[in-house]
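Please examine the structure below together with its sequence. The explanation that follows begins with a single residue and then turns to the wider fold.

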Amino acid sequence: MDNLFQIQLLMESGGTVLWLILLASILMWTLIIERYVFIWFLHPREVRKMMDEWHQRDDLASWYAQQIRQGMIAESRVMLERFLILIRTLTVALPMLGLLGTVDGMIQTFDVMTVFGTGNTRGMAGGISVALITTMGGLLTALSGLYFITQLEQRVAREVNNVADALRRD
């Protein structure tokens, strides 16, 4: 219960932009998990279906058969690369949302300084707090997303090569 209160306090301190960062990071993590589930559990079944379909063919060496093979590999690539661009985009957008929070927090600080001068440190600290919390939130979520999108892209490249190897001519 105390941790929940701390999270609620942090979210209130970060303002609206921190909620946007939270929503964007939830979407990004949902897509990352979906990609791992697909690669680990669903894609191997798809590869087995393709291999069965490929090996049931009598002709594996003709130009027409090779075009079918290339189509199967391309279809596998499309399925594997699904949502990667969106994950990459969210990874790039999250620090920008953090920067937006920084600007929002600094505007709040300058508004307090305009009205009260430099005598209201508590008011200025609230704006600076918004700026720092949103910057931290945007950077932390983007860094974690950057690691996993890089790993996913490398994994997809390997899986496409594995599909190409599995659909050999012999």
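In this predicted model, Met124 has a relative accessible area of 15%. The cut-off for a buried residue is under 20%, and Met124 is therefore classed as buried. The residue is located in helix α4. When neighbours within four places in sequence are set aside, the contacts of Met124 are Thr109, Val112, Met113, Gly117 and Thr118.

In soluble globular proteins, nonpolar side chains tend to be buried together. The largest nonpolar core of this model comprises 33 residues, and the members that touch the most others are Ile87, Leu94 and Leu152. At least two residues of this core come from each of α1 (2-55), α2 (63-81), α3 (84-116) and α4 (121-166). The largest share is that of α1, which contributes 14 residues.

The confidence of the prediction remains to be considered. Where pLDDT is low, the predicted coordinates should not be read in detail. For this chain the average pLDDT is 93, and 99% of the residues score at least 70. Among the elements of the chain, the highest mean pLDDT, 95, belongs to α2, and the lowest, 92, to α1.

How values were computed: Residues numbered from 1 in each chain as written. Predicted model: local features only at pLDDT ≥ 70, side-chain atom pairs only at ≥ 80, totals over all residues. Heavy atoms only, no water. Core = buried A, V, L, I, M, F, W, Y, C linked by side-chain atoms within 4.5 Å. Buried < 20%, exposed > 50% of the residue type's maximum accessible area, 1.4 Å probe, protein only. Helix = DSSP H or I, 4+ residues; strand = E, 2+ residues; numbered from the N terminus. Contact = heavy atoms within 4.5 Å. pLDDT = per-residue confidence, 0-100.
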